[in-house]
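User: Could you walk me through this structure, one feature at a time?

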Amino acid sequence: MVDEATLIKVHALPYVSAIDAGVLSVMASFSSWHGVKMTGNKSLLTDVLKKRMGFAGLVVSDWNAHGQVAGCSNASCPQAVNAGIDLLMAPDSWKPLYHSLIAQVRDGTVPMARLDEAVGAVLRVKMRAGLFEAGRPSSRPYAGQFDLLGSAQHRAVARQAVRESLVLLKNDKGLLPLSPKARILVAGDGADDIARQSGGWTLSWQGTGLDPKLFPGATTLWQGIAEAAKVAGGQATLSPDGSYSGAKPDAAIVVFGETPYAEFQGDLRSLQLKPDLRAPLETMRRLKAQGVPVVAVMLTGRPLYTNPFLNLADAFVVAWLPGSEGEGVADVLLRRADGTMAHDFTGRLPFRWPNTAVPGVPRSIRWAMGFRPRRQPRRGNRCPNNRAWTIAPAAPPNTSRKVCRRRAGHWKSRTPARAGSPGSPACRRAWQTAA
C-alpha cells in the first residue's frame, strides 16, 4: 500500500512538471488507492489534480474503467462524473451510458454545473488544439492521399529514427561495427520476426499472431543485415539456434528479447525476461565456447535485468522496438563496403536499468546512457562482481572518463577524488542529476 507521503513525493511529482509544460489531458488509471478506484476518487481527481495542481485540461477514464467503481456498471456511473471525470471511455457501452447520464442530470444526481464543467474542459482542449479552425479532416492537407502511407520518404525518416535510437552498452575490443564482407551468423528467436520487433498495439491489441504479409515493405533485422552483406559481397546466414556448418563465422549477431504485449498482459513479477525467452543465452554461451565473437541485440520496450546477456556478449546493443525498418539496425551494426563507418551510435538510455531482478530492491545501474565505439574502454567492459564498465557522459577536465557503478548513489572513479572529479561529492551529485 502506497502511503500519502510516497504518493506526493514520488507518484504525484511528475504531474507538476507535466501541467507546467502545458499537458491538456490526464487519464485516470484502473488502479485503486486505499480501496477507492481512481476513476471514482474525487479527492485526487478534483481536489488535488484540478484544484491544488491547477489542471485545466480534461480528465478521461480508461476503457470501461467506470464500470469498476463501487455502485457502478458500464451502463451507468454518476460517481465517476461527480468525481471529476470529464470524458468517459465507453467503447461498447456509450449508448446506455449516454441515456443514463441524461437522466441523472435531470434528477440532480449529477449537478448541471458538473456537466457544464466537463463539457467546458473538452471544448477548451479542442480550442487550444485548434480543432475548430482546422476544418474537417477531409479538407485538410494530404487528406485522402493514401499513397503517402509507407512512402519511401517516410520510411527513410523511420529508418533514421531506428539508427539514432540504438544504444550501445558494450563493445569489447571495438568489435562493432562489423565488416559487411565478413561471415556473419544471425541467430536468436527475434532475428526474423517483424511483429516481434514492432511490439504491442501493432495492428491488434497485443500485436501477436500477425502474418508478415500484413507488413508490406517492412524489413526484419535479419533481412536488413542480409541485404547489407549481400551488397558488400559478404555472407550472412540465418540460424535461430546458432548452429552452423562449414567455416566458423567471423561474428554472430544474436537477437533476443521480449515478445509483443500491451497493458497488463506484459506485467512481470520480476524485472527480467520470462524463462521461455532466455534460450538465446545458451546460444550465446555455445558460440562463445566455439570462439565466435557475439553481438547481442535486445528487443525490448522497457529496462530489464540483462546482466547474464550483457556480461557474456562481446558487444551489446539495445534496439528497443525498431518496427518496420530493420535495415536501420544493420546501418549501425555494419560498416560500409569500403570499411568506413556508415553511422555511429548516438542513442542514450532514458531510464535506469535494474542491477537485480528481485522486485522491491532499490538497486539500479545508472548507465552513462551508452557510448560510441571510438570511446570504448581499452581494458574491456567488465566491472568487479559482474558489473559492466560504462563511459561517463562528460567527465570534467583532467579526470578519468572510465567509471563503474559500484553501488547505488556512488560513482567510483579510477582517479583520486578531488574537487570536480567523479569521486568528489559535488561532481557526483551533478553527474547523478545528469544521468
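Predicted model: local features only at pLDDT ≥ 70, side-chain atom pairs only at ≥ 80, totals over all residues.

User: Which cysteines form a disulfide?

Analyst: A disulfide is a pair of cysteine sulfur atoms within 2.5 Å. By this rule the count comes to one disulfide. Its sulfur atoms are 2.2 Å apart, and the pair is cysteine 72 and cysteine 77.

User: Is the link of cysteine 72 and cysteine 77 right-handed or left-handed?

Analyst: The handedness goes with the angle about the S-S bond, which is 70° here. The link of cysteine 72 and cysteine 77 is therefore listed with that angle as right-handed.

User: Is cysteine 77 buried or exposed?

Analyst: Buried means under 20% relative accessible area, exposed over 50%, and partly exposed in between (1.4 Å probe, protein chains only). Cysteine 77 has a relative accessible area of 2%, so the answer is buried.

User: Which residues does threonine 202 touch?

Analyst: Threonine 202 sits in the loop between strand E6 (183-187) and helix H9 (221-232); helices (H or I, at least four residues) and strands (E, at least two) are DSSP runs, numbered from the N terminus. At 16% relative accessibility, threonine 202 counts as buried. Using contact as heavy atoms within 4.5 Å, and not counting residues up to four places away in sequence, threonine 202 touches Gly207, Leu210 and Phe215.

User: Which element gives the most to the lining of the largest pocket?

Analyst: A pocket is an open set of points on a 1 Å grid over the protein atoms alone where a 1.4 Å probe fits, with protein on both sides within 12 Å along at least five of seven lines; lining residues have an atom within 4 Å of a point. The largest pocket has a volume of about 720 Å³, and of its 27 lining residues, Leu7, Ala12, Leu44, Val48 and Met53 are the closest to its centre. With six residues, the element that gives the most is H3.

User: Which residues lie nearest the centre of the second largest pocket?

Analyst: About 350 Å³ of space lies in this pocket. Helix H5 (94-106) and helix H6 (112-128) each supply at least two residues of its lining. Of the 14 residues that line the second largest pocket, those nearest its centre are Asp86, Leu87, Leu88, Leu101 and Leu115.

Key
Residues numbered from 1 in each chain as written. Heavy atoms only, no water. Points joined across faces, edges and corners; volume = space filled by probe spheres on them.
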